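Dear colleague,

Here is the structure I promised to pass on to you. Please open it beside this message, so that you can follow each part by eye as you read.

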Amino acid sequence: MADSNFDVIVIGAGPGGYVTAIRAAQLGLKTAVVEREHVGGICLNWGCIPTKALLRSAEVYRNMHHAKDYGLSCEKPSFDLDAVIQRSRGVSKQLAGGVGHLLKKNKVTVINGEAKFDGPKKIVVEGKDKGTYTAKNYIIATGARARALPGLEADGKVVWEYKKAMTPDKMPKSLVVVGSGAIGIEFASFYHTMGADVTVVEIMPQIMPVEDKEVAGLAQKMLTKDGMKILTEAKVSNLKRNADNVVVTVETKDGKKQELTVDRVISAVGVIGNTEGLGLETTKVKVERNVIDTDEFSATAEPGIYAIGDVAGPPMLAHKAEHEGVVCIEKIAGVKDVHPIDPRKIPGCTYCHPQVASVGLTEAKAKEAGYEVKVGKFPFIGNGKAVALGEAEGLVKTVFDAKTGELLGAHMVGAEVTELIQGFVVAMGLETTEEDLMHTVFPHPTLSEMMHESVLDAYGRAIHF
């Protein structure tokens, strides 16, 4: 490429990387982004977006089966797996093209290839735009990949990781999902809704281990009521891979073992940061367990080198990466009043059926931190809109500091809670108290009224339950 010297070079064009690059350009910095594979990264091409497209197809398919409940008729619902997958891939392709347009619009130079540091002041790129590039500042945004446990390595045939799980050759009749974090439960939900016999194996005492115990428990109850099998405090101790099926040995906490013969296994045991091959050993950047050590503004131990997103550690969420990148580049550019992210105010969402969403401290974590708490709860069955939607199972739960009225956390399970949670995220960001929330007028009839009722319940004032 003709130009090889920049103010900022971002390594990785995933959600954190491309957003950071665009913000850098908006701030007047001469910016480039290096990408070895897909603009938009894993999130846009193989993660957040295509999985939501698959889950939307599953949701519509599920509703078709329940058409009679709404006074409608839908004889013998069926699906075309190839068309479902093609729609998902098409959504990703459309949005990836949009990201490319945004980078071009903002005059961000896209360098196609794989970057490696050659000392702290330059990078060498191998690939289409091969060459040596320099910048005043580098921002590492290389993301993460699926973690592989010994014996559970994906083979693309009978043991899948997320890419294969999004593009199956055929619909399995049965499968085991190992891991019940957001990725595992979303895949379990998709395949279960599409007709597969699904068993989830989770080593922790509850599914979705980072979530509030009560909310996770209700989610598990709803999933099992729907027919999904869930084994907690259990692990896969052995896999026997055959030509077109897998014999899975599951061992529970008490040492009991059972064998499950299934068509496929999905390994969803977490992700690890992409720190290898970056030449970081030629810099002062510190790496531990595939996580780059950074300060609150994403600076590493090497002046001029920063790291954001999954590669800089949990929570490994696209929206965290985006905001982290904006904070980082604004700090570099000297923008006034730049504030670091408060990890407690980063929401988490799981798009299974039922949906789960949360922000802040769980009830247990708040008590562990020494807070005296007031807890409010409101069930979906008490909400008119939820009943009208035919989605009357779920819960909204709020946790307050009993002494100050500060909202410490909010936790939800049920229809559309991934859209509702932002209301509590904004409230926490504005340091809203229970009094402010009580005096807020929520529209009727909406699911959001449950948020209001949950706050009222924490102070003994709930109206509709």
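Predicted model: local features only at pLDDT ≥ 70, side-chain atom pairs only at ≥ 80, totals over all residues.

Val10 lets you see both pairings: its bridge partner in β6 is Ile139, while in β2 it stands opposite Val33. If you follow the chain from β1 through helix α1 (residues 15-26) to β2, you trace a right-handed β-α-β unit.

Further along, you will find an open sheet of three strands, in the order β12-β13-β14, with antiparallel pairing. In this sheet β12 (234-241) and β14 (257-262) stand at the edges, and because each has a single partner strand, one side of each is left without a neighbour in the sheet. From one strand to the next, the twist averages 25°. Strand β13 (residues 246-252) is joined to β14 by six bridges, and Val246 stands opposite Val262 in β14.

Turning to charge, side chains of opposite charge can pair when their charged atoms come close. A search of the whole structure finds 27 salt bridges, and one of them joins Glu406 and Arg344, with 3.7 Å from N to O. Glu406 lies in the loop between β23 (395-401) and β24 (407-414), and Arg344 in the loop between α8 (318-333) and β20 (348-350), so this pair ties together parts that are 62 residues apart in sequence. Glu406 counts as partly exposed at 34% relative accessibility, and Arg344 is partly exposed too, at 29%.

Another salt bridge links Lys365 with Glu368, whose closest N and O atoms are 3.9 Å apart. These two are three residues apart in helix α9 (residues 363-368), and are therefore separated by about one helical turn. Lys365 is partly exposed, with a relative accessible area of 49%, whereas Glu368 is exposed, at 62%.

Finally, Ile381, Val387 and Phe465 form a nonpolar patch on the surface, with about 340 Å² of accessible area together. Ile381 sits in the loop between β22 (373-379) and α10 (384-389), and counts as exposed because its relative accessibility is 52%, where the cut-off is over 50%.

Note on methods: Residues numbered from 1 in each chain as written. Heavy atoms only, no water. Patch = residues over 30% accessible without salt bridge, like charges linked within 9 Å, V, L, I, M, F, W, Y side chains within 5 Å. Areas by Shrake-Rupley, 256 points an atom, 1.4 Å probe, with all protein chains shown as cover. Salt bridge = Lys/Arg side-chain N within 4 Å of Asp/Glu carboxyl O. Helix = DSSP H or I, 4+ residues; strand = E, 2+ residues; numbered from the N terminus. Buried < 20%, exposed > 50% of the residue type's maximum accessible area, 1.4 Å probe, protein only. Pairing = 2+ DSSP bridges. Axes fitted to C-alpha atoms, helices over the stretch in contact; angles between N-to-C directions. Right-handed = clockwise from strand over helix to strand, strands pointing away.
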